[in-house]
Amino acid sequence: MMLSLQKKNLLIIIILTTFLCSIQTDDISIPKDHYVSPEPSVHFPIEFNATKAYEHIRVQLEFGFRVPGTVEHDMCVDWIREELQSVTETVISHNFSLPGPDETLIHCQNVLGKLNIHKSNIIIIAAHWDTRAIAEKDIINTTQPIPGANDGASGVAVILELARVFFKYKDEFDSQIWFLFFDAEDQGSGGIPGWNWAEGANAFSDSIDQFHNNATEQFSFFLLLDMVGGYNLEFMDEGYSNNELQDAVFQEGRELGYTQEFPRYPTRRYVTDDHVYFRNLMPTLDLIIDFISGPWDHHHTHQDNLENIDKNSLYVTGSTIESFIYSYHGKTTWNQNYTKWIIISAVGAIGFAGGIGTYLFLKKRKIGNIT
Ligand SMILES: [Zn+2]
C-alpha cells in the first residue's frame, strides 16, 4: 500500500517535470532582434489616448494650411516643437531651404525630438507635417491647398500622443526613441513646382550624421505613419518597406484584434514616401492606406478634413505602435520573461532531481527486500 502511494507520487513528479520543461522550451526560443513577437498578447495596459490624438489634428487644422512658405506653416512647426519640449529630452530643428516658383528660397524645417538619449540603439517614428499646396484630385478649387487632416496631421497627432506615453515610461525601454517630423513631403508632382516628394526626409537623411554618433549609436528601425486616421482603416503592403518589419507590425495589430486594419493579404503598392531615404540605413516601414483605390477616398481633395477622421483609426494605429515598441524594446517585458524562465527552470530542475532521487530510493528498497 505504501509503495503504491510512492509510485503514484513518482508518476505525478515526472508528469509535472515534463510539463514544466515543455513550457521552458517555448520561452528559450525567443529571438530578441528578429521580429518574432515574444509574447503574443498585450504587454502593458495600453495608454494611447485617441481623444488626445484627435485634438492634435484639430489644433493643426486650426492653424490653416501648413504649406511651406506661409505663416500658417511656421506657426504649426512652432507648436510641434513646443509640444515636444515637455515629452522629450532634446528638441532639434533641422533647417533647409528649397527654391520657390519665383526662385526665392522657401525656408523649411524638420523637427526631431529625442528620448533616452544615452541609449545606444535608436528607433525612429516619423510623419510629415506639411500640407499639400494643391487639391489636384478634387473637382473644384484644384489649385487651392488641402486641409490635410489625414494626409499629414494624423501621423503627427499619433506620434505626439505616443511621445506623451513613452515619455512617462521612458525607463522601461532599452532604446532611444526619435520622434521625427518632416517638412516638404507632400509637394511633388506640381504641388510646389519643381519640388519632389519627401524633400524633407531626403535632406534629413543626407545630414543624419549631424544628429547621432556614428561610432557609438546604431539604428534599429524606422516607422513612418502616413494617413493613419481616416475611417475604414486598412493598411496596405507598401513595396519599399522591409517585409520582416512589416509582417511583425501587422502581426502585432492582428494580435490586438485589428484584423480588418492589418489584413493577412493586404493590397501591394509602391509609394515614394519619406521612408525611401532611410532604406539604406535601417529596416523601414511605411504604415499607409491604399489611397488610390481603398475605401478612404479623400486623398488630395478638400474633403481630407476633420469630418473624415475616425478616432478609432487613431486608436488602432497608436495602440499597435505602442504595443509593438513595448514588445521589442520594452525592458520590463524582457525582465519578466527572464525571471519567469529562471523560476520555471529552477522548479523543473528540482522536480526532475526529486523524481530521479525518489526512483533510485524506491529501486534500492525493492532490491533490498528481495535479497
Ligand atoms: Zn499627400
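Modeller: Strands β3 (residues 121-128) and β4 (residues 176-182) run parallel, joined by seven bridges. Strands here are DSSP E runs of at least two residues, helices are H or I runs of at least four, and both are numbered from the N terminus. Within this pair, isoleucine 125 has phenylalanine 179 of β4 as its bridge partner. This is a predicted model: local features need pLDDT of at least 70, side-chain atom pairs count only at pLDDT 80 or more, and totals for chains, interfaces and linings use all residues. Residues are numbered from 1 along each chain as its sequence is written.

Now the whole sheet. It is open, has six strands in the order β1-β2-β4-β3-β5-β8, and its pairing is mixed. Two strands pair if DSSP finds at least two bridges between them. β1 (90-99) and β8 (284-288) are the edges; each has a single partner strand, so one side of each lacks a neighbour in the sheet. From one strand to the next, the twist averages 20 degrees.

Helix α4 (residues 149-168) lies across β2 (105-115), β3, β4 and β5 (218-226). It runs at about 145 degrees to β3 (axes are lines fitted to C-alpha atoms, for helices over the stretch in contact; angles run from 0 to 180 degrees between N-to-C directions). Contact means C-beta atoms, placed from the backbone, within 7 Å. Isoleucine 159 touches Ile125, Ala127, Phe179 and Leu225, leaving aside residues up to four places away in sequence.

Technical notes:
Contact = placed C-beta atoms within 7 Å.
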